[in-house]
Amino acid sequence: MEQATLLDVLLAADGSVERAREVLSFPTTFSPRRKKLRHGIGYQTSLAAFKQQPPSSFSATSAAAAATKNALTKKGQTLHLYAPQDIEAHTPCSIIHNFLPADVAEDLLRELLDEAPTFERQVFKMFDNVVQSPHSACFYVESLEERRRQQTEYLYNGHYLTDIRQITPQMRKVSEPVKSTVNREIARRIQEHYPGGKKLKYQSPKEWVPNAAFVNCYRGGSESVGYHCDQLTYLGPRAVIGSLSLGVAREFRVRKIVARSELEVNAKSPSNQATGTERADAEGQIAIHLPHNSLLVMHAEMQEEW
């Protein structure tokens with residue numbers, strides 16, 4: 001076995017030689033080597049093939065106990081996920097790399113880069129302070145009627161949006177591929193991950209339709225956005241989001257919502273109140289890597305549980 005492969009196994013075992021030895025001691029079936037893609041970008045494959053397969057006598061109870069003992073996220077650490085199978089196994093998301101034909105993705109990127117200089121930074125109120133978003137963004141809708149509704153019926157961060165535009169020609173071009181792919185991923189998620197192969201309680205029974213889009217522009221590593229849950233109450237509970245990334249690869253960090261203890265909620269001293277960043281560090285977090293031309297689907301449980 002190659003040295004690089006052994007190192008990957010050791011890293012997957014958190015540096016424990018004993019655990020790495022146990023993993024390698026069980027027979028592993030590897031999938032055939034994939035052919036190199038002629039077009040598009042290659043990505044790191046999953047380490048799932050190195051997972052230790054428990055013996056047949058391994059009970060469901062012991063398996064659950066082992067899963068609890070070996071939690072993926074740990075205090076002060078970030079778990080980096082690249083491969084689609086790892087992302088959908090450990091988060092309520094699925095990702096498709098090289099989603100659009102290369103020329104279509106580049107045309108859309110150029111179109112949005114021409115639009116980006118006119119984007120605004122959102123201003124909103126946080127506690128008693130008025131703050132400005134650390135990145136610029138713009139809201140696009142499919143029709144003039146939808147534009148009117150968004151400007152008069154819905155609040156975002158406590159105020160109405162004024163700069164709402166109709167979707168661009170290239171956005172309209174990719175709308176149908178996004179729609180069909182997101183609906184296919186929703187159906188697969190239901191079949192493979194949800195109890196009884198049925199939609200979650202309160203999840204919309206309707207087909208997913210991309211009728212609006214927030215376009216966020218991040219000009220370099222200094223621009224980002226902090227931990228948050230998207231306020232999508234006007235879409236109903238269990239909203240699904242399709243997110244297309246274009247340009248430089250970025251990390252999308254997520255963490256599961258953990259209820260604060262009563263002591264923490266009642267703590268009044270600033271020294272006792274952890275910031276969002278500190279809580280994320282204490283609870284552990286997952287970094288999903290989003291390369292150019294990748295479509296991330298955030299499924300029905302994402303906004304309310306993560």
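**Close-ups of a predicted model**

**View 1. Helix α5 meets helix α7.** Val104, Asp107, Leu108, Glu111 and Leu112 of α5 touch Pro169, Gln170, Met171, Lys173 and Val174 of α7 (contact means heavy atoms within 4.5 Å). By class, this contact has 6 nonpolar, 1 polar and 3 charged residues; Ala, Val, Leu, Ile, Met, Phe, Trp, Tyr, Cys and Pro count as nonpolar, Asp, Glu, Lys and Arg as charged, and the others, Gly among them, as polar. Keep in mind that this is a predicted model, where local features need pLDDT of at least 70, side-chain atom pairs count only at pLDDT 80 or more, and totals for chains, interfaces and linings use all residues. Numbering starts from 1 along each chain as its sequence is written, and side-chain values use heavy atoms, with hydrogens and water left out.

α5 (residues 102-115) and α7 (residues 169-193) pack at about 140 degrees, their axes 9 Å apart. Axes are lines fitted to C-alpha atoms, for helices over the stretch in contact, with angles from 0 to 180 degrees between N-to-C directions. That makes α5 oblique to α7 (under 35 degrees is roughly parallel, over 145 roughly antiparallel, 65 to 115 roughly perpendicular, the rest oblique). Helices here are DSSP runs of H or I with at least four residues, strands runs of E with at least two, numbered from the N terminus.

**View 2. The open sheet β2-β10-β7.** Its 3 strands pair antiparallel; pairing takes at least two DSSP bridges between two strands. β2 (93-96) and β7 (241-245) sit at the edges with a single partner strand each, so one side of each has no neighbour in the sheet. From one strand to the next, the twist averages 20 degrees. β7 and β10 (residues 294-298) share 5 bridges, and Leu244 stands opposite Leu295 in β10. Helix α7 packs on this sheet, touching β2, β7 and β10, and its direction makes about 135 degrees with that of β2.

**View 3. The open sheet β1-β9-β8.** Here 3 strands show mixed pairing. β1 (78-81) and β8 (250-254) take the edges, each with a single partner strand, so one side of each is left without a neighbour in the sheet. β1 and β9 (residues 285-290) run parallel, joined by 4 bridges, and Leu81 has Ile288 as its bridge partner in β9.

**View 4. An aromatic pair, Phe119 with Tyr140.** The whole structure holds 2 aromatic pairs (ring centres of Phe, Tyr or Trp, its six-membered ring, within 6.5 Å; planes under 30 degrees apart are stacked, over 60 edge-to-face, the rest tilted). In Phe119 and Tyr140 the centres lie 6.4 Å apart and the planes at 70 degrees, so this pair is edge-to-face. Phe119 lies in the loop between α5 and β3 (120-126) and Tyr140 in β4 (residues 129-141), so the pair ties together parts 21 residues apart in sequence.
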